[in-house]
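Grab your viewer and work through them one at a time.

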Amino acid sequence: MKVIKAANYVDLSKKAAALIAAQIIRDPSSVLGLATGSTPVGVYSELAELCGQGVIDFACVTTVNLDEYCGLPAEHPQSYAQFMRQKLFDHVNIAKSNTHLPDGMAKDAEVECLRYERLIEGLGGIDLQLLGIGRNGHIGFNEPGESFAPGTHQTGLAKDTLDANSRFFGPGEKVPTQAFSMGIGTIMRARSILLIASGSDKTWALDKTINGPVTPQVPASVLQFHRDVTVIYCD
Ligand code: PGA
């Protein structure tokens with residue numbers, strides 16, 4: 001694991017965007033695994049800027065997102081599909097047909113999870129997976145538990161995650177309690193991984209991820225077993 005301390009959030013965003021840009025420059029047909037949450041917002045705006053300057057080109061890039069809330073249509077303001085459009089897709093020259101997320105409205109969860117896993121496989125796997133990390137050490141919606149999920153699955157959100165995510169929902173709006181998420185196995189099959197964390201509320205999770213025992217109680221700790229992980233963090 002390469003661990004890089006950034007000076008601040010802007011520095012973190014620029015460094016992470018530079019690594020993603022390098023991936024796109026090396027392979028213009030890259031498959032990028034993307035994440036939502038507040039941490040990647042700065043990375044996405046840096047990528048949009050690099051694209052505007054002509055440094056990177058998304059024309060042949062494909063993206064697959066980590067997760068999506070169950071029960072929210074793609075047009076819902078709080079859906080991750082909408083988040084990705086607002087923060088990245090609408091600002092770069094990516095073909096919308098090359099952007100993929102699980103379908104939060106899928107009727108049959110099992111079929112949807114299989115479809116998503118096969119889609120990723122069919123794309124030849126993920127070249128670079130961007131990850132945030134939850135205060136409890138979750139990655140995607142792989143919450144602390146008794147085992148590591150091998151593939152895309154439907155899952156309940158931990159209380160801590162529901163509390164953290166409620167800030168994005170208006171008063172009276174219910175935070176969905178279920179989501180589709182890539183599994184730990186899906187994430188570990190990515191050829192390279194870039195994990196970003198900002199703020200002191202992530203210190204515990206980050207310390208356990210980097211230094212702690214590998215345990216499904218801290219899902220991100222499994223990244224110690226991956227051969228190409230870069231962690232960029234700031235206080
Ligand atoms: P955050 O979420 O970037 O909003 O802190 C990260 C995560 O929960 O994975």
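Tyr69, Tyr80, Phe141 and Phe169 make up one aromatic cluster. Heads-up: this is a predicted model, where local features need pLDDT of at least 70, side-chain atom pairs count only at pLDDT 80 or more, and totals for chains, interfaces and linings use all residues. Residues are numbered from 1 along each chain as its sequence is written, and side-chain values use heavy atoms, leaving out hydrogens and water.

**Exercise 1.** Work out whether the rings of Tyr69 and Phe169 are stacked or edge-to-face.

*Solution.* Start with the rule: rings of Phe, Tyr and Trp (its six-membered ring) pair if their centres lie within 6.5 Å, with planes under 30 degrees apart called stacked, over 60 edge-to-face and the rest tilted. Here the centres are 5.8 Å apart and the planes sit at 70°, so Tyr69 and Phe169 are edge-to-face. Next, burial (under 20% relative accessible area, 1.4 Å probe, protein chains only): Tyr69 is buried at 1%, and Phe169 is buried at 10%.

**Exercise 2.** Now classify Tyr80 and Phe141.

*Solution.* Their centres are 6.1 Å apart with 15° between the planes, and the pair is stacked. Both residues are buried.

**Exercise 3.** Find which residues Ile20 touches, skipping those up to four places away in sequence.

Methods
Buried < 20%, exposed > 50% of the residue type's maximum accessible area, 1.4 Å probe, protein only. Contact = heavy atoms within 4.5 Å.
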